[in-house]
Amino acid sequence: MARGIGKGLIGTGAAVAAVGAHDLLQRKHSVLRNYPVIGHMRYLLEGLRPELQQYFIERNWDGRPYNRDVRSVIYERAKGIHGELSFGTERDVHRAGYEHLVHSTTPLDPPDEPPRVRVGGPDCSRPYDMSLLNVSAMSFGALSANAILALNEGARRGGFAHDTGEGGLSDHHLERGGDLVWEIGSGYFGARTTDGEFDPDQFREQSAHEQVKCVSLKLSQGAKPGIGGVLPAAKVSPEIARVRGVPEGQKCVSPARHTAFSTPVELIEFIARMRELSGGKPTGFKLCVGSRRDVLAICKAIREVGTAPDFIIVDGSEGGTAAAPLEYEDHVGMPLTNGLMLVHNALVGTGIRDRIKVGASGKVATGNDIVRRLIQGADYTNAARAMMMAVGCIQAQRCHTGTCPVGVTTQDPRRARALDVGDKSARVHRYHEATVDQAVQMMATMGARQPEDLTPDMLRHNVSHEEVRSYAELYEWLAPGQLLAEPPRDWAADWQAASADRFLPSPGGVR
Ligand SMILES: Cc1cc2nc3c(=O)[nH]c(=O)nc-3n(C[C@H](O)[C@H](O)[C@H](O)COP(=O)(O)O)c2cc1C
């Protein structure tokens, strides 16, 4: 009897060991590579859908930034599965706030190749043709080396751009050969003197890399506008410290404000300097909009200095981060819809829209997100968290602790090795391709051959349960140069108050 039990235990132990060995060696599931055997619980629960999903999974998912449907679509597209759903929408299509796109009765066939967007104004000598969807800024430090490698390899295969984030340009960004947008923030990591100032020589040297197609200055980010990036001490490994030029094992904080400029005119002059140092590459900045007055101040500065950024990326307050205080994530900064339309209209109204391309980021994950943002004034979009999901993020929301269970946002080499670069880069490539294809298909459905054919009346918004209005009706769309000729009444006070010589604090009445 005892021998029988003993044999049974040995048999069970051998089976568990075999499953564990298989889990460690397979490359598809990062969870199983980090949590052999017990990680199967996750797949078991998913497999029991829909019966138990309601209780065990969906309840959690729906409280998270990306709901079940969006996550499923990202995962399935990344895996090369159809990415379609059966049975019809589960949304209440009458609720206030619901939006839909207007299709044509005579839809077009989509083009063979998705359109690309030329970034580079008259002062740029090396323009770049940007994809409609790109990898948004996420630093090496916030992300693991394997995550950076997978994103960049995916970008290389799919011919789209990968923004480095503000944590410096590392070997991992350069190894695979994908196109890069090199971002610097107020810490100037990778182009920084020992006392934390901007270092032009390092900037010239680093931006000369052939892979760096554009250079970008981060003014602010939607999840935490007004405070600098934070890398918790646990994530400041010796390698991160070297890439950033900061002490190892100490919390790495970017200052709240830049030291290289402090007025709108100085900002535009600094952008021109970055472009010159980079040898004429497209140069722009990223911001989460605070006030309309500050945006108009920048427009005035552009006109006064006589040169313009080649692109402006508008980030929405709904955007993501690896680490930020709850107060900032939830309560500071303008949502993307408002910020994007504001920047677009300010550029149109001051007659400089044709020189500047506008990028948009903030929960862009699916084809309709891209089309919606193009209608609201963007020329192209960037996605951060959707791309993280394509490399295996399961929204554990532990990015700030360094204990990411799937190796995406960790500097712990043991955890990071769970992320298989070959498998995940293919997922990034497939997710991007399927999503852009879907956006282009939707445009064709709407009778638009290219993004320029999309107009604000093609996007409809439920103002209430009963009333649906188009974006053309709901919002004021300025004519080219209108602010210079005769600002509309609603814009006049901000237009008058905006000064190219100072960013104002925000007294009453600021939009
Ligand atoms: C892990 C992580 C790290 C980020 N790091 C940066 C950064 O270094 N620089 C930056 O401009 N934005 C950073 N962001 C913000 C994203 O680039 C993006 O603007 C924002 O998350 C909105 O996009 P999403 O909604 O697609 O995530 C980060 C976001 C995440 C999730």
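Ser499 touches Pro264 and Ala297, leaving out residues up to four places away in sequence. Contact here means heavy atoms within 4.5 Å. Ser499 sits in the segment after α21 (489-497). Helices (H or I, at least four residues) and strands (E, at least two) are DSSP runs, numbered from the N terminus. Ser499 has 13% relative accessibility, so it counts as buried. Buried means under 20% relative accessible area, exposed means over 50%, and partly exposed lies in between (1.4 Å probe, protein chains only). A polar atom of the Ser499 side chain lies 3.0 Å from the backbone nitrogen of Asp501.

This is a predicted model, in which local features need pLDDT of at least 70, side-chain atom pairs count only at pLDDT 80 or more, and totals for chains, interfaces and linings use all residues. Residues are numbered from 1 along each chain as its sequence is written, and side-chain values use heavy atoms, with hydrogens and water left out.

Ser170 is placed in the loop between β5 (161-163) and α8 (171-175). Its relative accessibility is 1%, so Ser170 counts as buried. The side chain of Ser170 makes a polar contact with the side chain of His173, at 3.0 Å. A polar contact is a pair of N or O atoms within 3.5 Å; within protein, one must be able to donate a hydrogen and the other to accept it, and residues adjacent in sequence count only if both atoms are side-chain atoms. Apart from neighbours within four places in sequence, Ser170 is in contact with Phe140 and Val243.

Now turn to a sheet. Three strands form an open sheet in the order β1-β14-β15, with antiparallel pairing. β1 (99-101) and β15 (468-470) stand at the edges with a single partner strand each, so one side of each has no neighbour in the sheet. From one strand to the next, the twist averages 30°. Axes are lines fitted to C-alpha atoms, for helices over the stretch in contact, and angles run from 0 to 180 degrees between N-to-C directions. Strand β14 (residues 459-462) pairs with β15 in the antiparallel sense over 3 bridges. Two strands pair if DSSP finds at least two bridges between them. His461 has Arg469 in β15 as its bridge partner.

Helix α15 (residues 367-375) packs on this sheet and touches β1 and β14. The direction of α15 makes about 90° with that of β1. In α15, 7 of the 9 residues are buried, so the helix is largely enclosed by the rest of the structure. Among the buried residues are Ile370, Val371, Leu374 and Ile375. Just after α15, Gly377 takes a positive phi of about 125°.

Pro456 is placed in the loop between α18 (421-445) and β14. Pro456 and Ser470 are 14 residues apart in sequence and 6.9 Å apart in space, C-alpha to C-alpha.

Strand β10 (residues 283-287) pairs with β11 in the parallel sense over 4 bridges. Lys286 has Ile313 in β11 as its bridge partner. In β11 (residues 311-315), 5 of the 5 residues are buried. Phe311, Ile313 and Asp315 lie on one side, Ile312 and Val314 on the other.

Next come the nonpolar cores. A nonpolar core is a set of buried Ala, Val, Leu, Ile, Met, Phe, Trp, Tyr and Cys residues joined through side-chain atoms within 4.5 Å. The largest has 73 residues, of which Met387, Val408, Tyr431 and Leu454 touch the most other members. A second, separate core of 51 residues includes Ala191, Ala301, Ala308 and Ala500.

Last, the ligand. Of the 24 residues around it, Ala137, Glu183, Gly320, Lys363 and Arg385 come nearest. A residue is near a molecule or strand if one of its heavy atoms lies within 4 Å of it. A ligand oxygen atom is 2.8 Å from an N or O atom in the side chain of Ser136. A polar backbone atom of Lys363 is 2.6 Å from an oxygen atom of the ligand. Lys363 is placed in the loop between β12 (357-361) and α15. Lys363 has a positive phi of about 60°, although it is not a glycine. Lys363 is partly exposed, with a relative accessible area of 33%.
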